[in-house]
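Dear colleague,

I am handing over the structure that you will find just below. Please look through it first, and then read on for what was found in it.

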Amino acid sequence: MRVKLLVAAVLLGACASNGGKKEAEAPPRAIVLSVVATNDVHGQLERLPYMDGFVENLRRARANGGGVLLVDGGDAFQGTVESNQNEGHAIMQAYGEMGYAAMTLGNHEFDYGPVGEKSVATAPGEDPQGALRARIEEARFPVLVANLATTADGPPPWKHLSASTETLVAGVRVGIVGLLTKDAPDVIKRTAFTGLRVLPLADAAIREARSLRAKGAEVVVLVAHAGGECRSFQDPKDLSSCDGNSEIFELARAMPPGLVDAIIGGHRNANVAHVVNGVPVAHAASHLVAFSRIDLTLDPASHRVTHAEVFPPHPVCTVPVETGCRPGTYEGADVVPDPTTRAAVEPALAAARETKERPVGARVAEAFPVDRTHEMALGNLFADLMREAAPDANAAFGNAGSVRDVLPEGDLTYGRLLHVMPFDNQLARLRITGKKLRDLVRANVAQGDHGLLSLSGIRVEGTCANGALDIVMKHPDGAAIRDDESLVVVTNDFLALGGDGLAKQAGITDEDVEIDSGHTVFRALVEGLAKRGTVSPADPALLDPKHPRVKLPGELPVTCAGKP
């Protein structure tokens with residue numbers, strides 16, 4: 001259900017025909033500008049032709065008296081074989097065919113690192129953002145980010161990257177500002193964020209919006225890789241089901257009245273379709289399950305926005321693409337996948353098929369569920385496989401966020417495994433003390449917002465003592481891990497190089513890290529699973545409720561204030 005903010009019709013009385021006067025001309029119709037947005041697409045190339053079908057239906061509906069502004073809220077590339085094999089090139093080609101007006105950068109746009117197979121720049125002269133810069137340069141539309149700066153305080157000197165842009169839609173001058181989440185330094189590995197920093201979103205948005213207005217922009221739209229979460233969409237003004245402290249809500253509340261007409265978000269992998277501080281705000285969950293839409297109604301003479309309508313996220317497929325996407329109807333017509341966009345993505349889809357269908361040589365006896373806030377068998381399995389790939393390692397850990405979906409029952413293929421663990425991370429060895437590992441685990445369970453680390457080779461027990469969280473770690477034989485003990489711990493390069501902010505909180509430096517540039521996490525998983533043959537979540541070696549690897553005094557995030 002959606003709640004419309006209706007445009008009042010202005011009616012002029014017609015002169016009487018017997019008066020001999022001509023009938024008065026009807027006033028010009030209001031202009032309706034539909035802002036359509038995708039966000040956190042994560043390489044879902046198969047769904048883009050269907051998405052284009054929705055957009056084309058809306059463009060036809062807006063052909064008289066309006067227009068469509070298509071934008072993307074970031075995290076477009078990383079996540080599928082089809083996109084990862086070409087480092088996002090196929091996504092940019094498809095977006096160009098679809099007529100995107102602009103996209104902003106998300107944190108995962110930095111994942112590929114330098115151009116080529118390596119995800120981390122290790123050799124002299126390698127560009128740590130080379131793959132991303134290549135995508136920006138080949139884009140047929142503006143790529144925007146207003147709050148990304150170098151450590152020398154200027155904008156990144158990258159070709160074709162801008163803070164904002166202006167386009168003409170249905171005769172209306174529309175300004176668009178791109179923004180990157182404040183989380184970027186914590187969720188992008190250090191090597192990929194070398195020489196960069198993030199400025200406050202609101203300050204950058206206000207600066208660029210005012211500049212656009214001064215240059216003549218009649219509508220201003222923020223496209224921010226920043227998000228929130230709401231559960232109810234019956235009334236867009238009712239925020240009771242929303243996370244009111246979320247980044248996108250803070251951004252909306254910081255906007256001066258009348259400066260910004262709409263905000264498109266992303267990053268949180270959740271849904272928002274609400275009005276905050278008088279500004280319509282919208283984004284959809286990840287993987288192009290749905291898209292967002294905000295209709296802005298403008299006075300035809302002044303081009304000022306008079307009303308806004310926020311639509312709930314609209315599903316792209318009523319069934320998954322893998323079993324045959326059924327998009328249904330939209331704007332009174334059947335949604336037909338666009339053949340031009342389909343042709344643009346087909347080479348990447350074809351190139352990925354062989355890889356996806358390749359057998360791993362293992363069988364999943366029973367589907368592995370996903371629960372990122374508690375210890376899970378799947379995370380423990382992946383941590384075990386990373387440790388087995390480094391025989392000198394005492395322990396291993398992995399981040400809950402790298403486990404993207406359920407591992408299904410049946411013969412395991414590369415495609416199924418990549419769907420669950422789609423990241424091109426390399427193995428990394430940490431040569432650290434027991435204290436640093438303990439501090440890292442404590443930071444994870446106290447922080448909580450990135451899920452619970454999966455551990456291998458150690459057992460952890462947390463207790464509350466005098467209002468503080470105490471962490472005790474033990475080897476598998478029960479021996480305590482001393483603070484001064486030297487350990488070799490295996491993880492992925494994302495966490496080792498600062499992802500989720502844990503390494504920094506534990507005092508882990510680049511000198512503690514050794515990147516295995518010839519050995520990826522995915523390769524470790526494939527080789528280890530092939531050796532095991534059959535895996536099951538019921539295996540007590542992976543998850544034993546009576547003897548968990550991690551025992552905590554409460555739910556994440558663990559707080560001990562006031563506890564004995």
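**Helix α14**

At 1.5 Å a residue, helix α14, which has 12 residues (521–532), should span 16 Å, and the 17 Å between its end C-alpha atoms agrees with this. The expected span is 1.5 Å times one less than the number of residues, and helices here are DSSP runs of H or I with at least four residues, while strands are runs of E with at least two, numbered from the N terminus. Please keep in mind that this is a predicted model, in which local features need pLDDT of at least 70 and side-chain atom pairs count only at pLDDT 80 or more, whereas totals for chains, interfaces and linings use all residues. Residues are numbered from 1 along each chain as its sequence is written, and side-chain values use heavy atoms, with hydrogens and water left out.

In α14, the residues Val521, Phe522, Ala524, Leu525, Val526, Gly528 and Leu529 are buried (under 20% relative accessible area with a 1.4 Å probe, protein chains only; exposed is over 50%, and partly exposed lies in between). After α14 comes Gly533, which has a positive phi near 80°.

**Cavities**

A cavity is a set of points, on a 1 Å grid over the protein atoms alone, where a 1.4 Å probe fits but cannot get out, and its lining residues have an atom within 4 Å of a point. By this rule there are 2 cavities of 30 Å³ or more, where a volume is the space filled by probe spheres set on the points, which are joined across faces, edges and corners.

The largest cavity has a volume of about 110 Å³, and of the 15 residues that line it, Met386, Gly398, Asn399, Ser402 and Met421 lie nearest its centre. Helix α9 (residues 377–388) gives the most to this lining, with 4 residues.

The second largest cavity, with a volume of about 30 Å³, is lined by Val441, Asn444, Val445, Leu452, Leu453, Leu455 and Val550. Helix α11 (residues 434–447) provides the largest share of that lining, 3 residues.

**Gln44**

Gln44 sits in the loop between β1 (31–38) and α1 (48–61), and it counts as buried because its relative accessibility is 12%. Leaving aside neighbours within four places in sequence, Gln44 is in contact (heavy atoms within 4.5 Å) with Thr80, Ile91, His287 and Leu288. Gln44 and Arg416 are 372 residues apart in sequence, and their C-alpha atoms are 14 Å apart in space.

With best wishes

Definitions and conventions:
1 Å grid on protein atoms, 1.4 Å probe; cavity = no way out; pocket = protein on both sides within 12 Å on 5 of 7 lines; lining within 4 Å.
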